[in-house]
Amino acid sequence: RVLFRSITIPEADGGGGGTMMDAVIAIETIATVCPRSADVIQEGNFGAIRVLAQFANADQKERYLKPLLQGREVIAVAMTEPEAGSATTDLTTTAVPDGKGWRITGTKVFPNPHADQYLVYVRFGPGVGGIGSVMLRRGAKGFTVAKPSKFMSENEWAPLYFDNVYVPPEDVLLPAGGFKKQISGFNAERIGNASRSLAYGRYCYNLAREYVMTRKQFGRPLCEFQGLQWKFADMRVQLDAGQMLLYRAATNADRGFPAADETTIAKLFCNKAGFEICNEAMQCMGGLGYTRETLVEYCFRRSRGWMIAGGSLEMLRNRLGEIIFERRFPQRPPRAPASA
């Protein structure tokens, strides 16, 4: 299990030394049997752990990465704030100098409340160039994890409060100016996100296919009704198209930094396809698909969340529009002209 959690981490750091494509295939393969287990693979190879492995120095890898790879600790990213969701650069959690270290003050929402360590996005100074990140362990003085709440997926989250929390210089992961590096890691996270969405869809497709081949109504197997045949034809097209887009993004990402357009297209398509296939599979299985006797409803709930997490579908479309037309389309209102 520990090995599956570290497929993409270099062998020199204690990981499996595999590629992003290896992790994608592992997620797909495990999800055909147990979607919940595939979640573990995604979380152990993409997101915060990958950013930490990519940018941490030797000391940080020993203190923070090593216990993760040994399965002794869990990491979570603390990025989203009450007033800074899709507009990540609007974050207000500050890092104020204090001797050689920093004092962190602010609030984060939606992270795992049970993590042992957090990769926290902070503002060292104004503008995008002032954003970086620090590592914090729960239990630090002034660091409070509030009462947990639940997502529709049943996963828990809780607000995190930082009240003048001291961070020594050795726990700064990326100083001011590190935002683009952090986002490059976040871009890779979208490949894991997309692979899990599509894996949920494939699991539900396979389960529903077996169901309609054996379940009879009006004296005939359900698969003999054309209305259902068309549903499965459409689902199969979505699965095959999504897999090709996902494999293109993962394969090319293994040759360097992930291409923004390829990861954006893969996530946009796979998120939508995964959810739609889960939804259609549930419809084909009727009341049984809607119960918790199967994992169809689990996949349905989980896949819905991925259409928001890791970049909403609307933000992905905005990003793709900028790539297509090779220009920025700012979402913020224009600044008022300076007074004379």
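Predicted model: local features only at pLDDT ≥ 70, side-chain atom pairs only at ≥ 80, totals over all residues.

User: What makes the charged end of Arg36 count as sitting over the ring of Tyr298?

Analyst: The charged end of Arg36 is 4.6 Å from the centre of the Tyr298 ring. A charge sits over a ring if NZ of Lys or CZ of Arg is within 6 Å of the ring centre and within 35 degrees of the ring normal.

Residues are numbered from 1 along each chain as its sequence is written, and side-chain values use heavy atoms, without hydrogens and water.

User: Why is the pair of Phe325 and Phe329 called edge-to-face?

Analyst: Aromatic rings are described by the distance of the centres and the angle of the planes. Rings of Phe, Tyr and Trp (its six-membered ring) pair if their centres lie within 6.5 Å; planes under 30 degrees apart are stacked, over 60 edge-to-face, and the rest tilted. By this rule there are 10 aromatic pairs. In one of them, Phe325 and Phe329 are 6.3 Å apart, centre to centre, with 85 degrees between the planes. The distance is within 6.5 Å and the angle is over 60 degrees, so the pair is edge-to-face. Phe110, Phe151 and Trp157 form one aromatic cluster.

User: How do you know whether Phe325 is buried or exposed?

Analyst: The cut-offs are on relative accessible area: under 20% is buried, over 50% exposed, and in between partly exposed (1.4 Å probe, protein chains only). Phe325 has 56%, so Phe325 counts as exposed. Phe329 has 31%, so Phe329 is partly exposed. Phe325 is found in helix H9; helices (H or I, at least four residues) and strands (E, at least two) are DSSP runs, numbered from the N terminus. Arg328 lies in the segment after H9 (313-325) and is exposed because its relative accessibility is 63%.

User: What makes helix H3 mostly covered?

Analyst: Seven of the eight residues of H3 (residues 48-55) are buried. These are Ala48, Ile49, Arg50, Val51, Leu52, Ala53 and Phe55.

User: Which feature of the backbone sets Phe110 apart as a residue that is not a glycine?

Analyst: Phe110 has a positive phi of about 80 degrees. Phe110 lies in the loop between strand S3 (101-108) and strand S4 (117-123), and is partly exposed because its relative accessible area is 44%. Phe218 also has a positive phi, near 55 degrees. Phe218 lies in the loop between strand S11 (216-217) and strand S12 (220-221); at 77% relative accessibility, Phe218 counts as exposed.

User: Why is H5 called roughly antiparallel to H8?

Analyst: Two packed helices are described by the angle between their axes and the distance between the axes. Axes are lines fitted to C-alpha atoms, for helices over the stretch in contact, and angles run from 0 to 180 degrees between N-to-C directions. Angles under 35 degrees are roughly parallel, over 145 roughly antiparallel, 65 to 115 roughly perpendicular, and the rest oblique. Helix H5 (residues 179-214) and helix H8 (residues 296-306) pack at about 155 degrees, with axes 10 Å apart. That makes H5 roughly antiparallel to H8.

User: What is the handedness of the crossing of H5 and H8?

Analyst: The crossing of H5 and H8 is left-handed. Contact means heavy atoms within 4.5 Å. Residues of H5 that meet H8 include Glu189, Arg196 and Tyr200, and those of H8 include Tyr298, Arg302 and Trp306.

User: How do you know the relation between H5 and H6?

Analyst: The axes of H5 and helix H6 (residues 226-253) come within 10 Å and cross at roughly 155 degrees. H5 and H6 are therefore roughly antiparallel to each other, and H5 passes H6 in a left-handed crossing.

User: What makes H1 roughly antiparallel to H2?

Analyst: Helix H1 (residues 20-31) and helix H2 (residues 35-43) pack at about 165 degrees, with axes 7 Å apart. That makes H1 roughly antiparallel to H2. H1 passes H2 in a right-handed crossing. Among the residues in contact are Ala23, Ile27 and Ile30 of H1 and Pro35, Ala38 and Ile41 of H2.

How values were computed
Left-handed = near helix turned anticlockwise from the far one by under 90°.
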